[in-house]
Amino acid sequence: MRFLCLIYTAVDVDGRLTPNEMNHLIGEHFVFDEELRRDGSMIVSDALALRDKSIVVRPDGGDGFSVTDGPFAETKEHLAGFYLIEAPDLDSAAGIAKRIPSARYGAVEIRPVRILTLRGDLAETS
């Protein structure tokens, strides 16, 4: 099964870590990524730009959309990155998520991925 591991870190983590600490954390991620590739669990992973670089697109109530800067709600944590992994079950995915280096600075939400296919008139989930 596929699982998406959403990495949330404290909003101030990037400002709190020294450049050396940040480089060490990034290096830990590279090592972890390689471990997942070797054992066949890795599908893709990436870090996300800081939230001040993001925009939000929402329906405007008519036929169009509104675009606003940054996340809509103020939060103590922000989505910092993700891993899309392959694991036999949720417990195994949790075991992998606990090893994500950035997990110690926040939380990792694990979501099973629904594989949608279109067959005839119906969308099916596998």
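Strands β2 and β5 (residues 77–86) are joined by 5 bridges and run antiparallel; here strands are DSSP runs of E with at least two residues, helices are runs of H or I with at least four, and both are numbered from the N terminus. Two strands are taken to pair if DSSP finds at least two bridges between them. Within this pair, Ser-45 faces Tyr-83 of β5. The model is a predicted one, in which local features need pLDDT of at least 70, side-chain atom pairs count only at pLDDT 80 or more, and totals for chains, interfaces and linings use all residues. Residues are numbered from 1 along each chain as its sequence is written, and side-chain values use heavy atoms, with hydrogens and water left out.

The pair belongs to a wider arrangement. An open sheet is formed by 4 strands in the order β2-β5-β1-β6, with antiparallel pairing. Its edge strands, β2 (42–47) and β6 (106–112), each pair on one side only. From one strand to the next, the twist averages 20°; axes are lines fitted to C-alpha atoms, for helices over the stretch in contact, and angles run from 0 to 180 degrees between N-to-C directions. Strands of a sheet pair through backbone hydrogen bonds, either parallel or antiparallel. Between β1 and β5 there are 9 bridges in the antiparallel sense, and Gly-81 in β5 is the bridge partner of Ile-7. On the β6 side, β1 pairs over 7 bridges, again antiparallel, with Leu-4 opposite Arg-111.

Around this sheet, the protein chain has 3 helices and 8 strands in its secondary structure. Read from the N terminus, the elements follow the order β-α-α-β-β-β-β-α-β-β-β. Of its 126 residues, 26% count as buried, where buried means under 20% relative accessible area, exposed over 50%, and partly exposed in between (1.4 Å probe, protein chains only). The chain exposes about 8600 Å², and carbon and sulfur atoms supply 56% of that area, as computed by the Shrake-Rupley method with a 1.4 Å probe, where for residues only the protein chains shown count as cover. Among contacts (heavy atoms within 4.5 Å) with a separation of 6 or more, 70% come from residues 24 or more positions apart.

Helix α2 lies across β1 (2–10), β2 and β5, and runs at about 25° to β5. The 21 residues of this helix (residues 19–39) should span 30 Å at 1.5 Å a residue, and the 31 Å between its end C-alpha atoms agrees with this; the expected span is 1.5 Å times one less than the number of residues. Which residues of α2 are buried? They are Met-22, Leu-25, His-29, Phe-32, Asp-33 and Leu-36. These residues cover an arc of only 105° around the axis, and therefore sit on the same side of α2; the arc is that of the directions from the helix axis to the C-beta atoms. Pro-19, Asn-20, His-24, Phe-30, Val-31 and Arg-38 are exposed on the other side of α2. After the helix comes Gly-40, with a positive phi near 80°.

Apart from neighbours within four places in sequence, His-29 is in contact with Ile-7, Tyr-83, Ile-100, Pro-101 and Ser-102.

A further helix, α3, has Ala-93, Ile-96 and Ala-97 as its buried residues. Their arc around the axis is only 100°, which puts them on the same side of α3. These buried residues pack against β1, α2, β5 and β6. Leu-90, also in helix α3, is partly exposed, with a relative accessible area of 47%. Leaving aside neighbours within four places in sequence, Leu-90 is in contact with Phe-3 and Ile-110. Leu-90 and Ile-110 are 20 residues apart in sequence, with their C-alpha atoms 8.0 Å apart in space.

One more antiparallel pair is made by strands β3 (residues 55–59) and β4, joined by 5 bridges. Pro-59 has Phe-65 in β4 as its bridge partner. The two strands form a hairpin with 5 residues between them, and Gly-61 in the turn has a positive phi of about 95°. Strand β4 (residues 65–69) is hardly covered, as the count of buried residues among its 5 residues is 0.
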